Amino acid sequence: MRMVDIIARKRDGEELNRDEIEYFIKGYVAGEVPDYQAAAWCMAVFCRGMTPEETTHLTEAMAFSGATLDLHDVAPFIVDKHSSGGVGDKTTLVVGPMVASLGVPVGKMSGRGLSFSGGTLDKLDSIPGFHSDLSIEQFKRQLRDVGLVVAGQTHELAPADGKLYALRDVIAAVQSLPLIASSIMSKKIAAGADAIVLDVKVGRGAFMETLEEATRLAELMVQIGRRLGRKMTALIGDMSQPLGYAAGNALEVIEAISTLHGHGPADFREHCLDVAAEMLLISGAAADPEHGRGMAATALDNGSAWAKFQQFVAAQGGDVTAIEDPDRLPHAPFVEPLRAPRAGYVAQVDAREVGHAVVDLGGGRAAKGDPIDPAVGVVLAEHGKVGAQVEAGEPLLWVHGRTRESLYAALTRLADAYRFSADPVAPPLVYQVMR
Ligand code: URA
């Protein structure tokens, strides 16, 4: 078999078989297939797509490209959640501790920022000392002792996804249904969860812009997970505007901390309760979604989710004093508001533009391996969200920048992200749940 022929077949829209897909994945992980051929192959998939069978083969090849975890010696039933990517999506930081504090172990393998979408690991890295490069032994020990662990792709677990994820980010091949489905599901399968709740996002700030595409992605991932023996639920939620107020790594950690203290933006809190309820339901801890929401709300309001977050951060080497006093988290030197150009109702905050603004500020990567500035980002005002009534000159958001130049460039970009109307618009949080 030759890689060039496999690329050519995909370029010409042919269906690859299991052997060809395995050949590529094994060769790429072993360093025998170079990045340029992998990039060409990803672009061919991006343009030509894959059948559900090819996507399943790809997921399996990626999931088994390294070790896979069997966690049953440390916990009888492990639940995981995964977002398909979005702007301001810090859900894991709140939902993980909530669910774990209710006695349901959460073992999670997360990703880094991808294109305009943030990544949980980059957010957690803004906590001084925090590390996510855990060995399998460390992952298991923490799952047993703390009940919550968030790790990145290692060379041990799903290494193919680690390599492909970083490559796709810098060759404009992120928004591909088979590549997203296989990336997410391979991580989930390798990390050994028994049940997976997928948080599929739709809208300008998501990789799937239409409800139809998001539904196809959700169905495909549910199908792959079930085929591989996992219990699956998928929620499809709105990502036309950023989730909550903050987009940017440390800024999102600060918002998650506020939410764990029972405050935080209403849309974000509601979303966390929905996801947590599904995780509690699928693991059998809750009898129905309402029961799950009630349990999750109690964990937020009585401080047990916050206590679990502290325990989790400490276990992964993070400086707990920095989360107890978020003033000690990284802060950008320059902060300026974007003011409403006129009075009216906010009709649109283009989440993709917000995501790109964060990347341009230095909060995301322009090239593979670029360092991230944890401090920069955007924080929407309460009346900077869709549906809010705003007076001319009122701040819609604040940009946190490392330099004045990058800050003013972001303000210009973000001015175009807003649309106003005479009538309020209320976007739904969750479009549907597939149980
Ligand atoms: N999240 C992932 O883990 N992978 C993708 O490709 C997109 C979102």
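Predicted model: local features only at pLDDT ≥ 70, side-chain atom pairs only at ≥ 80, totals over all residues.

Analyst: Residues are numbered from 1 along each chain as its sequence is written, and side-chain values use heavy atoms, with hydrogens and water left out.

User: How many cavities of 30 Å³ or more are there?

Analyst: A cavity is a set of points, on a 1 Å grid over the protein atoms alone, where a 1.4 Å probe fits but cannot get out, and lining residues have an atom within 4 Å of a point. Points are joined across faces, edges and corners, and a volume is the space filled by probe spheres set on them. With a threshold of 30 Å³ or more, the count is four.

User: What is the volume of the largest cavity?

Analyst: Its lining has 25 residues, and those closest to its centre are His 82, Ser 83, Gly 85, Gly 118 and Tyr 165. The volume of the largest cavity is about 290 Å³.

User: Between which domains does the second largest cavity lie?

Analyst: The second largest cavity, with a volume of about 130 Å³, is lined by 20 residues, including Phe 116 and Val 358. Domain bounds come from an automatic or database domain assignment. Because both domains give residues to its lining, the second largest cavity lies between domain 2 (79-153 + 187-324) and domain 3 (330-421).

Key:
1 Å grid on protein atoms, 1.4 Å probe; cavity = no way out; pocket = protein on both sides within 12 Å on 5 of 7 lines; lining within 4 Å.
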